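Please walk me through this protein and its ligand, beginning with the surroundings of the ligand and moving on to the rest of the chain.

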Amino acid sequence: MRVDLRSDTVTTPSQSMRELMAQAPVGDDVYGEDPTVNALEERVAAMFGKEAAVFTPSGSLANQLGVRILVAPGEELLTETNSHIVRAELGGSAVFGGITTRTWQAARGLLRASDALEIARPNSGPYMVSTTAIAVENTHNFGGGTIQPIEEIALLRKESLGLGLSMHLDGARIWNAHIASGVSFLEYGKHFDTISICFSKGLGAPVGSAMLSTKANVTRARVWRKRYGSGMRQVGILAAAAHYALDTNLPLLSHDHRRAQFLAKRAHSVAPSTIDPALVDTNIVALDLRELPVTAAEFVEMVAPEGVLIGAFGTNFARIVTHLDIDDAAMEYAADVIADALKRTLMSK
Ligand SMILES: *Cc1c(COP(=O)(O)O)cnc(C)c1O
């Protein structure tokens with residue numbers, strides 16, 4: 001059996017998703033004439049209470065568009081140390097936007113408004129860099145799928161508005177946060193000026209993200225999307241996959257969360273120091289291997305021969321992500337393999 005738990009990006013489009021894609025009405029999206037793309041943009045903007053949205057080929061581009069709309073060259077974006085925008089977008093904000101970043105560090109990536117506010121330096125005059133925006137990642141990927149508390153988001157919004165700062169949401173997995181917390185998309189959306197969302201993670205579309213904001217901001221973002229070389233033509237076939245994902249796959253995320261809990265409990269029962277199941281909020285399980293005589297890379301190699309693929313994050317963390325293409329049988333098999341590898345590691349101690 002092969003069970004790929006490296007990421008929720010590894011899903012492949014189902015037959016019924018492919019059929020809907022094949023039937024999608026299309027047009028030239030650079031001319032704004034693809035009806036399926038237009039409907040998707042209107043749909044997701046409305047879901048989050050925003051005026052408009054722009055469809056993008058990647059979540060990184062959706063983030064970069066959002067951030068560059070809010071922050072001018074030479075100005076500063078604040079975010080958490082292990083957030084995707086600063087760790088996994090290859091310096092995009094700096095390279096394309098001339099934007100500098102400064103970070104605060106938070107265990108599990110968990111947002112506390114005070115952490116961001118303490119380092120915010122708006123209107124810093126002619127000597128120091130001025131902060132103009134704060135980015136929040138929800139759920140926090142490298143933090144282990146952490147849901148950001150809505151109270152902290154609301155507090156950060158209130159305080160940062162008072163400082164004249166804008167807020168960007170990296171909502172690649174906002175779907176998981178909503179399903180697990182019950183907080184509505186409108187409630188999440190209202191605290192942010194720009195939002196990126198992603199259809200190709202837990203939702204299982206083959207490609208596609210979007211940036212949501214005001215009409216004026218999205219009009220500007222469309223210019224930048226084209227300038228970045230990402231104007232797309234008859235991409236209604238991809239937007240159709242996103243529509244399908246929202247209709248059919250969104251409610252299924254609760255199963256991913258249940259399976260992540262199952263795995264976390266299993267790992268905890270064998271090696272309690274590796275995971276606290278109560279801290280597994282959504283579909284990502286970050287096994288902490290610091291107290292075991294094995295590195296993350298070695299642990300990945302221990303389970304790979306059994307067909308279980310997991311990721312290493314840093315030296316000591318193994319990242320396991322549940323998704324649409326993992327059913328209960330696959331999860332039980334993977335949990336057996338992982339539990340067995342943990343036992344063998346403990347015995348070698
Ligand atoms: C995956 C991801 C993105 C976007 O990634 P792409 O691979 O560019 O689509 C953005 N933010 C987070 C938190 C992610 O996990």
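The paragraphs below take up the ligand site, then the residues around it, and then some loops of the chain.

The model is predicted, and local features are discussed where pLDDT is at least 70, while side-chain atom pairs count only at pLDDT 80 or more. The ligand is surrounded by Ser-58, Gly-59, Ser-60, Asn-63, His-84, Glu-89, Glu-137, Asn-141, Asp-170, Ala-172, Arg-173 and Lys-201. Sorted by residue class, this shell holds one nonpolar residue, six polar residues and five charged residues. Helix H3, which covers residues 59-70, gives the most to the shell, with three residues. As for the place of the ligand within the protein, the ligand sits in the second largest pocket.

Several atom pairs describe how the ligand is placed against the protein. At Gly-59, a backbone N or O atom lies 2.8 Å from an oxygen atom of the ligand, and at Ser-60 a polar side-chain atom lies 2.6 Å from an oxygen atom of the ligand. At Asp-170, by contrast, the ligand atom is a nitrogen, and a polar side-chain atom of Asp-170 lies 2.7 Å from that nitrogen atom. Taken alone, the ligand exposes 390 Å², and the protein buries 83% of that area.

Asn-63 has its place in helix H3, and the side chain of Asn-63 makes a polar contact with the side chain of His-168 at 2.8 Å. Is Asn-63 buried or exposed? Asn-63 counts as buried because its relative accessible area is 2%, and buried means under 20%. The other residue is His-84, which is found in helix H4, a helix of residues 84-87. His-84 has a relative accessibility of 17% and therefore also counts as buried. The C-alpha atom of His-84 is separated by 7.7 Å from that of Glu-137, although the two residues are 53 residues apart along the chain. Both His-84 and Glu-137 are among the residues that surround the ligand.

The next stretch to follow is the loop between strand S4 (100-104) and helix H6 (113-119), in which Arg-108 has its place. Phi of Arg-108 is near 60 degrees, a positive value in a residue other than glycine, and Arg-108 counts as partly exposed because its relative accessibility is 26%. Ala-107 lies in the loop between S4 and H6 as well, and with a relative accessibility of 66% Ala-107 therefore counts as exposed. Computed along the sequence by residue number, Ala-107 and Ala-239 are 132 residues apart, and their C-alpha atoms are 36 Å apart in space. Leu-110 is likewise found in the loop between S4 and H6, and Leu-110 is partly exposed, with a relative accessible area of 31%. Phi of Asn-123 is near 45 degrees, a positive value in a residue other than glycine, and Asn-123 is exposed because its relative accessible area is 70%. A further backbone feature is found at the peptide bond from Asn-138 to Thr-139, which is cis, with omega near 0 degrees. Thr-139 lies in the loop between strand S5 (131-137) and helix H7 (150-162).

Gly-32 counts as partly exposed because its relative accessibility is 40%. The C-alpha atoms of Gly-32 and Met-232 are separated by 9.9 Å, with the two residues 200 residues apart along the chain.

Note on methods: Residues are numbered from 1 along each chain as its sequence is written. Side-chain values use heavy atoms; hydrogens and water are left out. A residue is near a molecule or strand if one of its heavy atoms lies within 4 Å of it. A polar contact is a pair of N or O atoms within 3.5 Å; within protein, one must be able to donate a hydrogen and the other to accept it, and residues adjacent in sequence count only if both atoms are side-chain atoms. Accessible areas come from the Shrake-Rupley method with a 1.4 Å probe; for residues, only the protein chains shown count as cover. On a 1 Å grid over the protein atoms alone, a cavity is a set of points where a 1.4 Å probe fits but cannot get out, and a pocket is an open set with protein on both sides within 12 Å along at least five of seven lines; lining residues have an atom within 4 Å of a point. A molecule sits in a cavity or pocket if more than half of its atoms lie within 2 Å of its grid points. Helices (H or I, at least four residues) and strands (E, at least two) are DSSP runs, numbered from the N terminus. Ala, Val, Leu, Ile, Met, Phe, Trp, Tyr, Cys and Pro count as nonpolar, Asp, Glu, Lys and Arg as charged, and the others, Gly among them, as polar. Buried means under 20% relative accessible area, exposed over 50%, partly exposed in between (1.4 Å probe, protein chains only).
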